[in-house]
Amino acid sequence: MTQQPLIQITLGLEGLDQDELLDLSVSLRQEIAETDVDSVETVSGPAAPASSKGFDLETAQLLVTLATGLVPGILLLLQNFLLRQKDQTLKIKIKEVEIEVPRHASPDEIDRMVKVVEKIAKRVK
């Protein structure tokens, strides 16, 4: 059995409240789930304060399991997601390599970052 690549996506947004971040992360998760990935899961972090709704106030994390050939399509989806959202940090991690797309990145900067991640993904077997 071939191990499928794992991509960890960390979404961090400034200026959003807990509900807005939750809505945005659920939206991204649904977009990814509509593709042919094997799975997309919310990553559990440390325990949230008792007064919260159990969701990290600053970031949301998704773990995507997919076939290597699907990585470019997911990266395109993430690129389009980034272009629709203006104030965020998106970290994409494949194995030990993590790339952070900075806030207010231009479309060209996002494109360059996606190409770097695609190169890394090609080495994941």
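In the hairpin of E4 and E5, two residues stand between the strands, and Lys 95 takes a positive phi near 55 degrees. This is a predicted model, in which local features need pLDDT of at least 70 and side-chain atom pairs count only at pLDDT 80 or more, while totals for chains, interfaces and linings use all residues. Residues are numbered from 1 along each chain as its sequence is written, and side-chain values use heavy atoms, with hydrogens and water left out.

The protein chain has three helices and five strands, in the order β-α-β-β-α-β-β-α from the N terminus. Helices (H or I, at least four residues) and strands (E, at least two) are DSSP runs, numbered from the N terminus. Of the 125 residues in the protein chain, 34% are buried. Buried means under 20% relative accessible area, exposed over 50%, and partly exposed in between, with a 1.4 Å probe and protein chains only.

The five strands form an open sheet in the order E2-E3-E1-E4-E5, with antiparallel pairing. Strand E2 (39–42) and strand E5 (97–101) are at the edges with a single partner strand each, so one side of each has no neighbour in the sheet. On average, neighbouring strands of this sheet are turned by 20 degrees against each other, direction ignored. Two strands count as paired if DSSP finds at least two bridges between them. E2 and strand E3 (residues 59–65) are joined in the antiparallel sense by four bridges, and Val 40 has Val 64 in E3 as its bridge partner. Five bridges link E4 and E5, which also run antiparallel.

Helix H1 (residues 18–33) packs on the sheet and touches strand E1 (6–12), E2 and E3, with its direction at about 10 degrees to that of E3. Helix H2 (residues 71–84) lies across E1, strand E4 (89–94) and E5, and runs at about 170 degrees to E4. These angles run from 0 to 180 degrees between N-to-C directions, using axes fitted to C-alpha atoms, for helices over the stretch in contact. Contact means heavy atoms within 4.5 Å.

The largest nonpolar core has 28 residues, and those touching the most other members are Ile 7, Ile 9, Leu 28, Ile 32, Val 64, Leu 78 and Leu 90. Such a core is a set of buried Ala, Val, Leu, Ile, Met, Phe, Trp, Tyr and Cys residues joined through side-chain atoms within 4.5 Å. H2 gives the largest share of this core, seven residues. Not counting residues up to four places away in sequence, Leu 90 touches residues including Ile 9, Leu 78, Leu 82 and Ile 99.

The structure holds two salt bridges, each a side-chain nitrogen of Lys or Arg within 4 Å of a carboxyl oxygen of Asp or Glu.

| Salt bridge | N to O distance |
|---|---|
| Arg 84 and Glu 31 | 2.5 Å |
| Glu 100 and Lys 91 | 4.0 Å |

Arg 84 is in helix H2 and Glu 31 in helix H1, so their pair ties together parts that are 53 residues apart in sequence. Arg 84 is partly exposed at 45% relative accessibility, and Glu 31 is partly exposed at 22%. Lys 91 has Glu 100 in E5 as its bridge partner. Glu 100 is partly exposed at 40% relative accessibility, and Lys 91 is partly exposed at 27%.

Lys 122 belongs to helix H3 (residues 107–123) and counts as exposed, at 62% relative accessibility.
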